[in-house]
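Welcome! Please take a moment to look over the sequence and the 3D view before reading on.

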Amino acid sequence: MLATDLLAAPPSGPAGGSLIEAARLMNVCNSCRYCEGLCAVFPAMELRREFTTGDLNYLANLCHSCGACYYDCQFSPPHEFNVNVPRTLAKVRANTYQTYAWPRAFAPLFDRNALKISLIMASSVALFIIGFVLANDPATLFAANDSPGAFYRLMPHNAMALLFGGVFTFSLVAMTMGFRMFWRDIGEPAETLTEPPSVWQAMKDAGSLRYLDGGGVGCMNEDEKPSDRRKLYHHLTFYGFMLCFASTISATGYHYLFGLQAPYPWYDLPVVLGTLGGIGLLIGPIGLLVAKRKRDPAMQDEVRFGSDAAFILMLFLTSLTGLLLLVLRATPAMGMLLAVHLGVVFTLFAMMPYSKMVHGLYRFGALVRYAKERRQHV
Ligand code: SF4
Ligand code: SF4
């Protein structure tokens with residue numbers, strides 16, 4: 001049943017259409033319940049008789065898009081009930097990235113032409129850095145130098161910290177504000193986030209991608225043959241990103257606590273973490289892009305495809321340029337590579353709050369709420 005908020009003010013536009021369709025499907029599924037063992041979405045749905053906008057946004061972010069309920073469903077197209085849960089929830093989920101974007105005016109930034117905009121932004125930042133070097137000390141741009149402090153001869157450490165610290169801090173604030181709006185919209189009190197059993201359960205479920213396994217057999221992608229490939233690529237991407245983040249934190253510690261300047265020898269912690277993370281962030285995004293291209297179009301949100309692909313490509317380019325910089329840092333290519341790498345990293349930070357990146361946050365929140373609901377209803 002549609003809840004009063006959807007009945008009183010039926011949402012207009014494609015976003016509203018997806019919400020109405022999601023409410024219709026949840027009513028069909030609530031009568032059927034054949035898929036209740038596949039993932040967290042169906043048990044969470046069964047706790048409700050009507051679906052508010054917040055409920056649907058919660059269920060959409062709980063869905064891991066494994067595709068199992070599409071292939072298992074006796075009412076999927078060409079049946080007249082036209083039940084396609086993965087695609088409908090993917091559309092609702094994509095709309096949440098826009099709905100909760102902060103500041104709201106920035107929401108469409110990477111929505112259309114995301115690839116073009118991100119490449120232009122990365123090139124502009126790289127060219128700015130190159131121009132800065134050429135204006136100050138052109139010889140350093142092609143100098144073969146990998147001694148400590150060599151990076152900061154191109155761009156002073158303080159300028160680098162200000163530029164990248166600034167954009168990263170802004171992204172963190174924007175994502176926190178977005179999460180706050182999501183949390184309010186689904187009707188959860190702030191205290192839920194301080195309940196250790198719910199948070200711990202959500203960390204385990206998110207860390208193992210528990211619901212990306214089609215109920216145990218694997219994820220459906222290009223056809224109904226299940227496989228764990230998408231799960232593996234997701235893991236490589238997520239843990240690769242976390243290792244690269246840990247590498248940045250440790251490098252900051254080296255700089256400020258021990259007074260040691262980058263670049264560091266290959267055996268130092270920042271380089272070891274960055275290399276391992278970079279390899280994960282090279283293989284994972286490529287695997288995800290290939291899986292996305294091969295994915296059964298019936299389950300895809302075709303409108304969102306370009307934007308998601310642009311973000312995944314930026315993750316890949318961050319890793320590729322970082323690893324090239326590591327391998328070629330003692331050569332005259334170091335200056336150009338550093339400028340390109342910094343341009344890509346800046347763009348990745350800037351697009352985080354307006355890209356698929358936020359699905360990790362909202363999904364984690366949805367898992368926390370689900371863990372709480374499960375404990376309350378056992
Ligand atoms: S997706 Fe189909 S089979 Fe599964 S619960 Fe819904 S209606 Fe039933
Ligand atoms: S696509 Fe997978 S995770 Fe999403 S609702 Fe269907 S079975 Fe659950």
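## A word on the model

What you are looking at is a predicted model, so please read each feature below as part of a prediction.

## Around ligand 2

Let's start with ligand 2. The residues around it include four cysteines by name, Cys39, Cys63, Cys66 and Cys69. Leu38, Val41, Phe42, Val85 and Pro86 also belong to this shell, and His64, Ser65 and Gly67 complete the list.

By type, the shell divides into nine nonpolar residues and three polar ones, with no charged residue. Two helices each supply at least two residues of this shell: helix 3, spanning 41-46, and helix 6, spanning 85-99.

## Two cis peptide bonds

Next, follow the backbone. The bond from tryptophan 102 to proline 103, however, is cis, with omega near -15 degrees. You will find proline 103 in the loop between helix 6 and helix 7, the latter covering 114-136.

## Positive phi values

Most residues other than glycine have a negative phi. Arginine 33 has a positive value, with phi near 65 degrees. Its place is the loop between helix 2 (13-32) and helix 3. Arginine 33 counts as partly exposed because its relative accessible area is 29%, which lies between the 20% and 50% limits.

Leucine 209 has a positive phi as well, near 50 degrees. This residue lies in the loop between helix 10 (196-208) and helix 11. Is leucine 209 buried or exposed? Leucine 209 counts as buried, because its relative accessibility is 11%, and buried means under 20%.

Finally, turn to helix 13, which runs over residues 305-328 and holds valine 327.

Why does valine 327 count as exposed? The reason is its relative accessibility of 65%, since exposed means over 50%.

Conventions. Residues are numbered from 1 along each chain as its sequence is written. Chains are lettered from A and ligands numbered from 1 in the order in which they are written. This is a predicted model: local features need pLDDT of at least 70, side-chain atom pairs count only at pLDDT 80 or more; totals for chains, interfaces and linings use all residues. Side-chain values use heavy atoms; hydrogens and water are left out. Helices (H or I, at least four residues) and strands (E, at least two) are DSSP runs, numbered from the N terminus. Buried means under 20% relative accessible area, exposed over 50%, partly exposed in between (1.4 Å probe, protein chains only). A residue is near a molecule or strand if one of its heavy atoms lies within 4 Å of it. Ala, Val, Leu, Ile, Met, Phe, Trp, Tyr, Cys and Pro count as nonpolar, Asp, Glu, Lys and Arg as charged, and the others, Gly among them, as polar.
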